[in-house]
Amino acid sequence: MDNQRLLIWAFFGLMAWMTYQTWVQDYGPKPTPAATDQAGEPAAPEVSAPQPLDDDLPEISDSGAPSSLPPAAGTGPSSVATPAAPSIRVTTDVFTLEISTKGGTLQHAVLLKSPVAKDRPDTLVELLDTRPDAIGLIESGVRATGGGAEATHLTMLSGQQTSYELGDSDEFTVPLRWADEGGIVIEKRYHFRRGSYAIGLEHEVRNGSDALWRGAEYVRIKRHFGEQERSMFDVDSYSFVGPIVYDGEKSEKLKRDDLIEDGKYGFYSAQGWFGSIQHHFLSAVVPEAGKEHKYEIAVVGDNSVASAIGRNVETVAPGSSTTFQTTLFVGPKLQSQLEQIDSSLKLTVDYGWLTIISQPLFWLLSKVYTFVGNWGVAIILVTFLIKLAFYKLTESSGRSMAKMRNLQPRMKALQDRYKDDRQALSQAMMDLYKREKVNPAAGCLPILIQMPFFLAFYWVLLESVEMRQAPFALWITDLSTRDPYFILPLIMGVAMFLQQKLNPAPADPVQAKVMQIMPVMFTGFFAFFPSGLVLYWVTNTVLSIAQQWKINRVVEAEAKAPKGSKKNKKDPK
């Protein structure tokens with residue numbers, strides 16, 4: 001009984017922790033502006049000097065020189081929040097974009113299929129913007145060695161049209177062009193496809209001069225990265241806002257405080273990528289695999305700046321050309337699309353330490369969803385499959401619980417007999433359990449089995465954008481948020497109460513009282529959980545009730561059968 005009591009209190013602690021996390025997500029403190037200096041501008045942290053590249057390619061800096069990057073937003077009087085250059089509007093079936101003719105910067109992105117909230121369908125998620133307090137830019141260009149001709153994101157480019165629409169076509173290209181007097185032509189091309197949040201980026205360098213040209217492509221994300229309030233609980237594990245990197249072996253989310261304290265973070269990789277997470281949404285840069293790039297991430301003012309610059313410098317002979325290729329992603333973290341770009345990109349969907357269960361669980365849910373077309377129904381069916389898979393394992397536990405239920409009168413008699421001698425009572429109870437072949441700790445097994453899947457469902461519902469704002473039925477219009485009328489948690493509480501009636505009451509009076517108030521406490525806990533998670537628990541509880549009811553009837557029939565009979569010896573199916 002001590003083991004069971006420990007598990008119950010551990011489960012209470014887990015529920016309290018998860019409830020706190022959910023409450024903080026909805027009602028907790030929001031990011032606060034960065035500290036400002038005496039001039040009223042955000043104070044930029046000191047960043048360690050960048051390591052020079054072995055190939056002498058000019059560094060990407062924040063100086064105002066024409067051949068380098070502009071100052072970060074808010075770091076000085078020369079910073080410009082909105083580029084004073086014409087823009088090109090791009091409209092596909094999934095987003096609208098604005099591309100500045102100054103460097104071809106992606107400066108605005110609106111996701112047409114992602115409302116900010118279910119009750120505000122006309123207010124759409126914006127991943128890129130030029131506003132200083134919500135800045136999000138994807139800048140790119142070509143750097144050259146030895147002072148050669150180059151087109152950075154400060155260079156004015158010429159376009160063919162002011163707007164592009166997908167229309168009835170499946171894909172289209174937006175070209176931008178720059179040429180110098182010496183014969184170097186650089187063409188930047190963006191490729192868009194129907195239904196895809198991936199954007200192909202190409203820089204083609206054509207050498208019409210009489211000298212060799214050497215250089216490489218760079219891409220960087222500039223993103224607002226305000227300081228967040230911290231507590232003893234780290235809510236960044238499911239609502240992280242900031243940069244994420246992959247070095248070819250593992251992914252890592254970079255926290256603001258660490259970047260400020262440790263300075264610039266960097267690495268080299270031929271299989272890496274970097275991005276900026278906004279919970280369910282992602283802006284990412286995936287350079288061409290197999291070509292080594294240098295990655296750097298730093299905090300400048302209240303913005304994070306992440307960049308990749310190619311170390312595989314290309315040499316273009318006179319009369320020749322070369323093309324640099326990169327894939328961008330701007331949209332919700334749809335795992336099917338992320339895997340098409342790079343299998344490791346789905347690591348941006350962070351299921352925490354239970355990824356080993358959450359990933360297969362999401363895969364199974366997705367497969368079931370393709371047949372039923374409803375995520376709520378998929379949750380119910382997958383819960384049934386999980387219950388079926390562990391049926392035999394939980395059946396033995398259920399039989400022990402049923403036998404203990406039948407032993408309740410004899411246990412009560414022992415308690416009355418040894419009420420003044422706890423040691424003798426304990427020995428008598430153990431002898432009874434041994435004689436009747438009952439394991440009192442067996443009741444803990446269902447909880448142990450359910451907890452990992454419960455937590456896995458929790459992460460899947462919080463992190464999987466596929467279930468964001470997904471309806472189920474009737475009043476449940478969003479499985480990723482709490483039940484607006486608390487009906488499902490109340491149903492769950494009633495189901496837990498009925499489940500308790502099928503199980504033996506604990507011998508310990510204190511534990512018995514705790515068990516009595518468990519349905520009420522769990523109803524309060526689950527009131528703030530995503531309704532999809534409550535749906536899973538309700539389904540699991542109902543199935544557990546059905547299983548235990550059947551087992552109880554079988555055990556009662558065995559107890560009434562004459563000893564030595566065939567019915568008593570064989571466990572009915």
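Me: Buried means under 20% relative accessible area, exposed over 50% and partly exposed in between, with a 1.4 Å probe and protein chains only. Why does Trp 273 count as buried?

Reply: This is a predicted model in which local features need pLDDT of at least 70 and side-chain atom pairs count only at pLDDT 80 or more, whereas totals for chains, interfaces and linings use all residues. Residues are numbered from 1 along each chain as its sequence is written, and side-chain values use heavy atoms, without hydrogens or water. Trp 273 has a relative accessibility of 0%, and therefore counts as buried. Tyr 246, at 11%, counts as buried too.

Me: What makes Tyr 246 and Trp 273 a stacked aromatic pair?

Reply: The structure holds 16 aromatic pairs. Rings of Phe, Tyr and Trp (its six-membered ring) pair if their centres lie within 6.5 Å, and planes under 30 degrees apart count as stacked, over 60 as edge-to-face, the rest as tilted. Tyr 246 and Trp 273 lie 5.4 Å apart, centre to centre, with 15 degrees between the planes, so the pair is stacked. The two residues belong to distant parts of the chain, 27 residues apart: Tyr 246 in strand 12 (residues 241–246) and Trp 273 in strand 15 (residues 273–278). Such strands are DSSP runs of E, at least two residues long, and helices are runs of H or I, at least four, numbered from the N terminus.

Me: Why is the pair of Phe 362 and Trp 375 stacked?

Reply: The ring centres of Phe 362 and Trp 375 are 6.4 Å apart and the planes stand at 20 degrees, so the pair is stacked. Phe 362 is in helix 5 (residues 355–372) and Trp 375 in helix 6 (residues 375–389), so the pair ties together parts 13 residues apart in sequence. Both Phe 362 and Trp 375 are buried.

Me: Why are helix 5 and helix 6 called oblique to each other?

Reply: Helix 5 and helix 6 pack at about 125 degrees, their axes 9 Å apart. Axes are lines fitted to C-alpha atoms over the stretch in contact, and angles run from 0 to 180 degrees between N-to-C directions. Angles under 35 degrees count as roughly parallel, over 145 as roughly antiparallel, 65 to 115 as roughly perpendicular and the rest as oblique. Helix 5 and helix 6 are therefore oblique.

Me: Which residues of helix 5 make the contact?

Reply: With contact meaning heavy atoms within 4.5 Å, the residues of helix 5 are Leu 361, Phe 362, Leu 364, Leu 365, Ser 366, Val 368, Tyr 369 and Val 372. Partners in helix 6 include Trp 375, Ala 378 and Val 382.
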